[in-house]
Amino acid sequence: LWCRADGNPAPSTRCSRESSAGASRGQAAAAAAATPAPAAAPGGSSRAVSRADAGRYLCRATNKHGSATRSVLVTVECECRTGLGAC
């Protein structure tokens, strides 16, 4: 997942995974702020994902003028394993 935003001044961004279903909105926001998104690899590279990576992810952009948050729901249809053929 890529979390990007444009602004003046350039905002800082943070991508995080929302907590599990059933949590209150406040609990979900607190958990999202504390949990880094597992589907983002360092240096802009990609990595294999599994069904455990499915869920809602939040991208928060912040600068001196305020902040904006967007979310995306990630669904993993197939978990590929090396050497076992295509999904």
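Trainee: What share of the 87 residues in the protein do buried residues make up?

Mentor: Buried residues make up 20% of them. Keep in mind that this is a predicted model. A residue is called buried when its relative accessible area is under 20%.

Trainee: And why is arginine 70 called exposed?

Mentor: The cut-off for exposed is over 50% relative accessible area. Arginine 70 has 62%, so it is exposed.

Trainee: Where in the fold does arginine 70 lie?

Mentor: You will find arginine 70 in strand β3, which covers residues 66–74.

Trainee: What makes Tyr57, Leu58 and Cys59 contacts of arginine 70?

Mentor: Contact is a matter of heavy atoms within 4.5 Å. Once the neighbours within four places in sequence are set aside, arginine 70 is in contact with Tyr57, Leu58 and Cys59. While you are there, look at arginine 60 too: its C-alpha atom and that of arginine 70 are separated by 6.6 Å, although the two residues are ten apart along the chain.

Trainee: How do you know that β2 and β3 pair?

Mentor: Pairing takes at least two bridges between two strands. β2 and β3 have nine, in the antiparallel sense, so they count as paired by that definition. One of the bridges sets asparagine 63 against glycine 66 in β3. The link between β2 and β3 is a hairpin of two residues.

Trainee: What makes β1 a partner of β2?

Mentor: The same test applies, with at least two bridges needed. Six bridges join β1 to β2, residues 55–63, and the two strands run antiparallel. For an example to find in the structure, threonine 13 stands opposite alanine 61 in β2.

Trainee: What makes the peptide bond between asparagine 8 and proline 9 cis?

Mentor: Look at omega, which is about 0° for the bond joining asparagine 8 and proline 9; this is a cis peptide bond. Proline 9 sits in the segment before β1, the strand at 12–17.

Trainee: What percentage of the contacts with a separation of 6 or more joins residues 24 or more positions apart?

Mentor: Those residues account for 44% of such contacts in the protein.

Trainee: And how much accessible surface does the protein have?

Mentor: The total is about 6,300 Å², and carbon and sulfur atoms contribute 52% of that surface.

Notes
Residues are numbered from 1 along each chain as its sequence is written. This is a predicted model: local features need pLDDT of at least 70, side-chain atom pairs count only at pLDDT 80 or more; totals for chains, interfaces and linings use all residues. Side-chain values use heavy atoms; hydrogens and water are left out. Helices (H or I, at least four residues) and strands (E, at least two) are DSSP runs, numbered from the N terminus. Buried means under 20% relative accessible area, exposed over 50%, partly exposed in between (1.4 Å probe, protein chains only). Accessible areas come from the Shrake-Rupley method with a 1.4 Å probe; for residues, only the protein chains shown count as cover.
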